[in-house]
Amino acid sequence: MVLYKLQDFEPNYRDTFEGHDLNGLGVYTQGTDEKVGTVSEVLVDEEGHFRYLVVDLGFWIFGKKVLLPIGRTRVDYNADRVYTIGLTREQAEDLPEFNEREALDYDYEERVRGVYRQPAEYVQPPVDPLLPLEATAPVDTTYQQPVTPTYNRDSYNYEQEPSLFGLNEQDHQTLRLYEERLIASKRRQKTGEVTIGKHVETDTARVAVPIERERVVIERVTPADAGTAVSGREADFREGEVARVEIHEETAEVRKEAFLREEVRVRKVVDQDTVETQETVRREELDINSGNLPVEER
C-alpha cells in the first residue's frame with residue numbers, strides 16, 4: 001500500500017471539494033474542545049481515498065507530527081475545525097513521529113494503528129471439567145483474556161478496520177453530488193515513417209579532346225639551277241643514305257573525379273490542428289422528498 005500527499009495525487013483537489021481545504025485547519029479534541037494542533041497534510045491511497053491526516057501537535061507536544069486516521073475525525077467546515085474522536089494526550093505521546101523523508105511502510109502504519117485500535121474484547125476464563133463443581137473457584141469477573149485481531153501484511157486493506165478508516169454517517173453527514181466531466185488528453189501514436197536513402201545511377205558522358213597527329217610530307221621541287229653541270233667533287237653519290245623523321249601523335253586520356261553536387265537536408269515540422277470529440281456525461285441532481293415539512297435550501 002502506497003500513500004501520497006493529496007496535492008501530489010490531485011493538484012486541483014480544491015476544485016473537487018468546492019474550495020474546501022483541510023490543510024491548516026485546527027484540530028480539537030471532541031468533548032473537551034481542547035486544541036491539539038493543526039492539519040499539515042492529507043494522505044490518500046492509490047485510489048484517492050482519504051486515509052490519514054498529518055497533525056502537527058504543536059499545542060500538545062512541540063515539534064511532533066503524527067498520523068490521525070480519517071475514521072477518527074469529524075470535520076466541521078462551518079467552524080473550520082477538525083475534531084478528533086477518542087485521541088488522548090497519552091496516545092499522542094505513544095504515536096510514532098511522522099517524518100516525510102522516511103518511507104510509510106506496513107510496519108510503521110501498524111505502529112500507528114496499534115495505538116488507535118479499540119481495546120480488545122474479553123472472554124470468561126475456561127473452567128477445568130476435571131474439578132468437581134464445588135471445587136471450582138468463583139468466576140473472577142476481573143479476569144480478562146484478550147482476543148487480539150491479527151492482520152497479514154500481504155492481505156491487509158483499510159476496509160478491515162472501519163473504526164479507523166471508515167467515514168461513518170454520524171460524524172460525516174455530507175451528501176455529495178457528482179458529475180462527470182470530459183477530460184481532454186492527447187496520445188502520441190505512430191502513423192508511418194519516411195525512409196530516405198540514396199542509390200547510384202550510371203550514365204554515359206562525352207567530352208571532346210583536341211589532339212595533334214604528325215605526318216610526313218615529301219615535296220619534290222625543281223631547283224632553279226637544274227641542268228647545270230657540277231663538278232665531281234660536288235656530285236657525291238652515296239648509296240644507302242637514309243633520312244629519318246620521327247612522327248608523333250596525341251591520344252586522349254580520360255580520368256574521373258568526384259565532385260559534391262548538392263546536399264539533402266531532412267527535418268520534421270509540426271502542423272497544429274484542432275479536433276473535436278464528444279461523449280455523454282452524467283450529473284447527479286438532488287431529489288428532496290419532505291412531505292409537508294418546510295425545507296430551506298442555501
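Guide: Let us start with one term. A residue is buried if its relative accessible area is under 20%. This model is predicted.

Visitor: How much of the protein counts as buried?

Guide: The figure is 20% of the 298 residues.

Visitor: How many helices and strands does the protein have?

Guide: There are five helices and nine strands. The order is β-α-α-β-β-β-β-β-β-α-α-β-β-α.

Visitor: Now the rings. How many aromatic pairs does the structure hold?

Guide: Seven. To read a pair, look at the distance between centres and the angle between planes. Take Y28 and Y83. Their centres are 6.3 Å apart, their planes make an angle of 45°, and the pair is tilted.

Visitor: Where in the chain do Y28 and Y83 lie?

Guide: Y28 is in strand β2, residues 26-29, while Y83 is in strand β7, residues 81-84. They are 55 residues apart, so look for a link between distant parts of the chain.

Visitor: Are Y28 and Y83 buried or exposed?

Guide: Y28 is buried, and Y83 is buried too.

Visitor: What kind of pair do Y158 and F165 make?

Guide: Planes over 60 degrees apart count as edge-to-face. The planes of Y158 and F165 stand at 70°, so this pair is edge-to-face. The ring centres are 4.7 Å apart. Y158 and F165 are both buried.

Visitor: Which residues do ring pairs link into a cluster?

Guide: Find Y52, Y106, Y151, Y156, Y158 and F165.

Visitor: What sits over the ring of Y28?

Guide: A charge can sit over a ring as well. Here it is the charged end of R81, 3.8 Å from the centre of the Y28 ring. Y28 thus has two entries in our tour: the R81 charge and the tilted pair with Y83.

Visitor: On to salt bridges. How many does the structure hold?

Guide: The structure holds 19. Read each one from the N to O distance. In the bridge between E100 and K5, that distance is 2.8 Å. The two residues are 95 apart in the chain, and the pair links distant parts. K5 lies in strand β1, residues 4-5, and E100 in the loop between α3 (89-94) and α4 (106-116).

Visitor: Which residues are linked in a network of salt bridges?

Guide: The members are E109, E110, R113, R117 and E161. Take two of the bridges. E110 and R117 bring their closest N and O atoms to 2.7 Å. E161 and R113 meet at 3.9 Å, N to O. E161 is in the loop between β9 (145-147) and α5, and R113 is in helix α4, so this bridge ties together parts 48 residues apart in sequence. E161 and R113 are both buried.

Visitor: And the surface? Which residues form a nonpolar patch there?

Guide: V194, I196, V264 and V266 do, with about 440 Å² of accessible area together. Pick out V194. Exposed means over 50%, and V194 has 74% relative accessibility, so V194 counts as exposed. V194 lies in the segment after α5 (162-165).

Visitor: Last, the backbone. What is the phi of D33?

Guide: Phi of D33 is near 55°, a positive value in a residue other than glycine. D33 sits in the loop between β2 and β3 (35-44). Its relative accessible area is 40%, so D33 is partly exposed.

Visitor: Where is D80 found?

Guide: D80 is in the loop between β6 (73-76) and β7. Phi of D80 is also positive, near 55°. With 46% relative accessibility, D80 counts as partly exposed.

Notes. Residues numbered from 1 in each chain as written. Predicted model: local features only at pLDDT ≥ 70, side-chain atom pairs only at ≥ 80, totals over all residues. Heavy atoms only, no water. Phe/Tyr/Trp six-rings, centres within 6.5 Å; stacked < 30°, edge-to-face > 60°. Helix = DSSP H or I, 4+ residues; strand = E, 2+ residues; numbered from the N terminus. Buried < 20%, exposed > 50% of the residue type's maximum accessible area, 1.4 Å probe, protein only. Lys NZ or Arg CZ within 6 Å of the ring centre and 35° of its normal. Patch = residues over 30% accessible without salt bridge, like charges linked within 9 Å, V, L, I, M, F, W, Y side chains within 5 Å. Areas by Shrake-Rupley, 256 points an atom, 1.4 Å probe, with all protein chains shown as cover. Salt bridge = Lys/Arg side-chain N within 4 Å of Asp/Glu carboxyl O.
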